[in-house]
Amino acid sequence: MGTENPNRANNLQGPSATPFAAPRANMPISSSHPMVGSQTSAFRPTSVPAMPNASPFSSPGPTAGSGTPGFRPMQPGRATPSYGPPTTGPPQRVPAPQFSSTSQPTPSQTSHVGQPILPPSMRPPPPSYVPSVPMGSPPQSLYNAPSSNNPPRSFVDSPYSASGPNIQPPPSSTRPTYPGYPGMQSNQVNPPPPPPPVYNQGGYAPSQPPMPAPFSSHQGGYGQVPPVAPSSGMYGGGSAPPTGVMSGLAEDFCSLSLGSAPGSFDGGLDAKALPRPLDGDVEPSSFAGMYPMNCDSRYLRLTTSAIPNSQSLVSRWQLPLGAVVCPLAETPEGEEVPVVNFATMGIVRCRRCRTYVNPYVTFTDGGRKWRCNICALLNDVQNDYFAHLDATGKRVDLDQHPELTKGSVEFVAPAEYMVRPPMPPLYFFMIDVSISAVKSGMLEVMAQTIKSCLDNLPGSPRTQIGFITFDSTIHFYNMKSSLTQPQMMVVSDLDDVFVPLPDDLLVNLSESRPVVEAFLDSLPSMFQDNVNVESAFGPALKAAFMVMSQLGGKLLIFQSTLPSLGVGRLKLRGDDLRVYGTDKEHTLRIPEDPFYKQMAADFTKFQVAVNIYAFSDKYTDIASLGTLAKYTGGQVYHYPSFHSTIHKDRLRHELARDLTRETAWEAVMRIRCGKGVRFTSYHGNFMLRSTDLIALPAVDCDKAYAMQFALEETLLTTQIVYFQVALLYTASCGERRIRVHTAAASVVTDLGEMYRQADTGAVVSLLSRLAIEKSLSYKLEDARNAVQLKIVKALKEYRKLYSVQHRVGGRMIYPESLKYLPLYGLSICKSTALRGGYADAQLDERCAAGFTMMALPVKKMLKLLYPSLLRVDEYLVKAPTVDDEFDRVCRRLPLAAESLDSRGIYILDDGFRIVVWFGRMLSPDLARNLVEEDSATDFARNQTRRTTSGRVLSTLKFS
Amino acid sequence: MGEIFTWLLFFFILIALVVLVVYQLMCLADLEFDYINPYDSASRINFVVLPEFITHAVLCLIYLLTGHWVMFLLALPYLYYNVRLYTRKQHLVDVTEIFNQLNWEKKQRLFKLGYIIFLLFISLFWMIYNALEDDEM
């Protein structure tokens, strides 16, 4: 009956029918059993008794089997108690001589040589972990036989967590390095104790000298990896056709061999084989593919588009479960969000849960009722909205209703969505004019940029504008349209700030345009000779608040010194090396003075968004200043030791974008979701106005918000979970609007499916936000470890899914969807906000990066984490005329030292700045053409320029 | 006879503490159910936080002056906790983060409430005990 029924039916079947039923049902059986068979037959008849042993583990299900016993094997000590003293004598050779000859011709020796090479290059193993490895071992001796092809837990847990997950892939069936191991083999000839199908051990165990320490025995384990990796050899010997198994592998997951090839001496990790996101962010197709009426993934991305149906599944999915929302993302031409005006009818919403009408609601009862897709309540269709249903249950007027066909839509909000008349766009500037601001040239660049943007400010002719400057006093400017020159008023009473002429400080831009221009023209010269070093930041902030509290709007603060006068003055801190590494470390990253939090709260209350532009070369306590931006939905722009010749372009670009991009004013955002699921925490730059209502005084396309959800019930009974993001805002044109994004995601019962539909971009975005939040209350070290631990746990969990069925020892396995996750995880740990300790990043830069990353949309975040590196010298030399040739000639290179050739010029672009790298052996002509004469001699060092990529190229070309 | 009055005094001070803590809990609960906005909630709570701390400090002082050592020792952990919060400047509710801290703030106050009620019952017991003893004499 319902309009959307056909679609819904498809949707319901979609997920369950196609993606997982087939591979999961067939594969495990077809692949695992033959494999065991093949091994047994190939290696040695004695291991036939191992079959029954192996099957119990696989039968309870892939995870159960691998979960308990699977990870035990690696214990050095375990063999000794049960099997007697380690003997490295002949008995081991007896059982499996042919094996050692076939698949491990050299390994024992090579692996030995390889050991010292491999470990240092890949991981600095934390000493603290090492002892823990042998500890838990003794009771597990029972299991070691069947589980021999499973990765030892110790690998995943310990040494790797320090160095990052992408090297976690452990050895496998071949870990004979333990002194205790050989003893087992000898016993195996005697009947009972679980006869280990540990095929290879016999082969080379004897040749291994007993490893003295557990630690080195681990390394031995790594070295051994290779023999298993070339598993084709083993399969070839066996009866099972290797092809079937391999194709199964390809369908289910990707794997990466981390061991060296047998016989080779190098570290074994093929750097070229590592997955690198050179194509930028690839959005998962499943999101849109399965539910074509979903909003575009630029607006809403789920960390996995397969929602787990039970709490236990959630706990096994180790990554955060959530969404990243960018409600106003930029749309390409032709894909604008349609605007729907219900006029007098009022916006159609569910009576109970207040969900907006969307493509997934179903119409029943001949079109007289509609069922809410989120709470399943049957609502009446208003008379004005009524339309008959056709034979398929669709509304006949479907094509006239974008809200019923599109996932993203904008409703024009009637008067009941307003608490006051829609505010005009309002820009208020608070400018530091102390000596450092003048000297650095910031004042001039800023004034020029603002002037050039006056034409493009959104919302003309209603736009309002105003200025305050301050040093040790506060200067107000009367810019009434009747004046020809702005009138300056100085308030020097910082303890009791008052606003002179409260009505004329904020003026309508189109009316007072000449006065504003005159002011901006004279501003740099006005303070040219200012030698004042003080900064009455706090009092000026209060004054700005008083001026703006009537209307709200956007406050842009240009600050180039540490606030030193009046309320909110700040101290120099952060240069104390000793604080790092202690429990007090995080206090440096949180605001020192409660004044700033209080002001931020007040600003949000009165719909003021604060953007901070900080320029100082010295410490300015961004941690405190940035709080203003953080809780008002603003942004922090930081230009460490700003100098106008270098940073001019970047400031110009960012300020112009800030002023001219489409902005939504006095907004609130809420995300609703279906029954059984609840959003629990929100991460980003905003303030919560109630438990689930995000207050955003100003929001634009460069802001994204992340949220995590949890299951309320232990078991979800629904097939689909719907999400609906609603952003109520005032557009610059003065219209009140509601932007609604709706998306559906299917509920699954299978962990593998969750991983298959995971979205690396969203996961990384959420992980980095969590890490930054963590760094505000814990040490940096803890924040980094938390990220790594999450990723390691997730991959370990994934490994458990498959390690029983496939022989994947020695390889790291990961879902195709998350292939970049380890890389991005490491990038997060190396990002400015989180890397190193005291010396690795200045405190201000660190805090500014943290505030920035909390606001970035997914794509920009990924670009910041993994910048693009281009080699441009060939392109410059050829001087091509066609523009589009650029993309063809300059490809993104992996960010590795090998990518850099000392004869080239490279550009590294992370979306915020551009680093031009001149190779040491660069031809002098080329260099001289690019850089001025005097610095050409010095070009081997890095040159930093900050602007957009296109511009740098053009300046390079023409200079 | 004086003993009864001191216990009576303790009793009323404890009642006042209970009222203050319950008031804070109510504000937090209201906030959770979206009856008031975070600004009002935080300012209301912060308004009574210091009075609560001072009342408790006074109570401890009176315990000490009137020689009720055991009661003083019983009330001491609470005092220590308050002083610690105060010196770390964590005693006030942070309006910007109030939703993230909601659970912790509630839990903390529930524990306080339980603690005070425990003290209250002891006071009640001694008051009645003293009254009965007085009667017998």
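Tutor: Across the interface of chain B and chain A the rule finds 1 salt bridge, a salt bridge being a side-chain nitrogen of Lys or Arg within 4 Å of a carboxyl oxygen of Asp or Glu. B:Asp94 forms this salt bridge with A:Lys597, and the closest N and O atoms are 2.4 Å apart. This is a predicted model, in which local features need pLDDT of at least 70 and side-chain atom pairs count only at pLDDT 80 or more, while totals for chains, interfaces and linings use all residues. Residues are numbered from 1 along each chain as its sequence is written, chains are lettered from A and ligands numbered from 1 in the order in which they are written, and side-chain values use heavy atoms, with hydrogens and water left out.

The interface also holds 5 residue pairs in polar contact, both residues at pLDDT 80 or more. A polar contact is a pair of N or O atoms within 3.5 Å; within protein, one must be able to donate a hydrogen and the other to accept it, and residues adjacent in sequence count only if both atoms are side-chain atoms. On the side of chain B that touches chain A, helix 2 (38-65) and helix 4 (98-136) of chain B are the elements that give two or more residues; helices are DSSP runs of H or I, at least four residues, and strands are runs of E, at least two, numbered from the N terminus.

In contact terms (heavy atoms within 4.5 Å), 10 residues of chain B meet 13 residues of chain A. The two chains bury about 1,100 Å² between them, 61% of it on carbon and sulfur atoms; buried area is the accessible area (1.4 Å probe) that two parts lose on being put together, summed over both.

Now the aromatic pairs. Over all chains the count comes to 38, where rings of Phe, Tyr and Trp (its six-membered ring) pair if their centres lie within 6.5 Å, and planes under 30 degrees apart count as stacked, over 60 as edge-to-face and the rest as tilted. A:Phe470 and A:Phe537 are edge-to-face, at 6.2 Å centre to centre and 70° between the planes. This pair links strand 11 (residues 464-470) to helix 19 (residues 537-548) of chain A, 67 residues apart. A:Phe470 is buried at 0% relative accessibility, buried meaning under 20% relative accessible area, exposed over 50%, and partly exposed in between (1.4 Å probe, protein chains only).
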